[in-house]
Amino acid sequence: MKAIEKYVFLTLGAFLAAVALEIFLVPNYIIDGGITGISIMLSYLTKLPLGAYIFVLNLPFLFFGYRQIGKSFVFSTFYAVSVLSLSVTILEKLPPLTYDTLLASVFGGIILGIGVGLVIRHGGSMDGTEIVAVVFSEISGFSVGEIVLFINVFILGSAGIVFTWDRAMYSLITYFIAFKVIDLTIEGLDEEKAVMIITEKPEEIVETITARLGRSVTFWEGKGGYTREKKGILYAVVSRLEIAKLKSIVKEHDEGAFVTIHDVYDILGGQFRKRSIH
């Protein structure tokens, strides 16, 4: 069942990306980054089908990734790229929804971000440059994001030569919108925060968090490194909107408590979900 769900979302994500390309971006000479951006420019220069370029140019990177990363990720990527290529070919005969360049860059970026985010969230990718970035990040000292950004700045800059510089700037707008929407799609709108509390009154704080917020709290005992005094260490995951309430609860019981808050990008297992409070 999970495998079916995975490929449903890979298909949906790739199709949405194709919609963004053919209905908004390509007719307005706005490009995406990575292999897709290169494919758009080559298709414009040679008048050959965009879908064919997307498929063919990604193949060497998929082969490279198969040897370096693993077959599960590469097969999911191959499937998503194939659906994207086919969908682009089918949709290229449809008229664009708008010729307003700003609207095309904004809405194209949003839909593209949702599509790419769905594919990444379900174990795939739609761009061979990301595979290269993963491999080279291990030997170069640069992060995957930094390598992808460097590649895409070069590709988006090339749009100024192939098209016009205003189209390159609109492409940059699309890229950053898509980048943020990808994050939202992967992480979800319900942002979770991990909270660690070091306090002298752990029992009271645990009881109040459970009663008022309906959240589970993990509690273990520790000792201060300098004072050597016993402390309670609490760990909980709450929503972004519950942070203020949680701070108020901690301050109510122990104004001297030490609290750290971190972003949470994914949660597996455990009893972190909010329970109903009666």
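This is a predicted model: local features need pLDDT of at least 70, side-chain atom pairs count only at pLDDT 80 or more; totals for chains, interfaces and linings use all residues.
Entry 1, ground rules. I took local features only at pLDDT of at least 70 and side-chain atom pairs only at pLDDT 80 or more, while totals for chains, interfaces and linings use all residues. Numbering starts from 1 along each chain as its sequence is written, and side-chain values use heavy atoms, with hydrogens and water left out.

I looked up the secondary structure and found 10 helices and four strands (DSSP runs: helices H or I of at least four residues, strands E of at least two, numbered from the N terminus). The order from the N terminus is α-α-α-α-α-α-α-α-β-α-β-β-α-β. Of the 278 residues, 43% count as buried (under 20% relative accessible area; exposed is over 50%, partly exposed in between; 1.4 Å probe, protein chains only).

I found seven (ring centres of Phe, Tyr or the six-membered ring of Trp within 6.5 Å; planes under 30 degrees apart are stacked, over 60 edge-to-face, the rest tilted). Tyr29 and Phe163 make a tilted pair, 5.6 Å centre to centre with 45° between the planes. Tyr29 lies in the loop between helix H1 (2-25) and helix H2 (34-46), and Phe163 in the loop between helix H7 (144-162) and helix H8 (165-187), so the pair ties together parts 134 residues apart in sequence. Tyr29 is partly exposed at 39%; Phe163 is buried at 11%.

Tyr29, Tyr44 and Phe163 form one aromatic cluster. The charged end of Lys47 sits over the ring of Tyr44, 4.7 Å from its centre (NZ of Lys or CZ of Arg within 6 Å of the ring centre and within 35 degrees of the ring normal).
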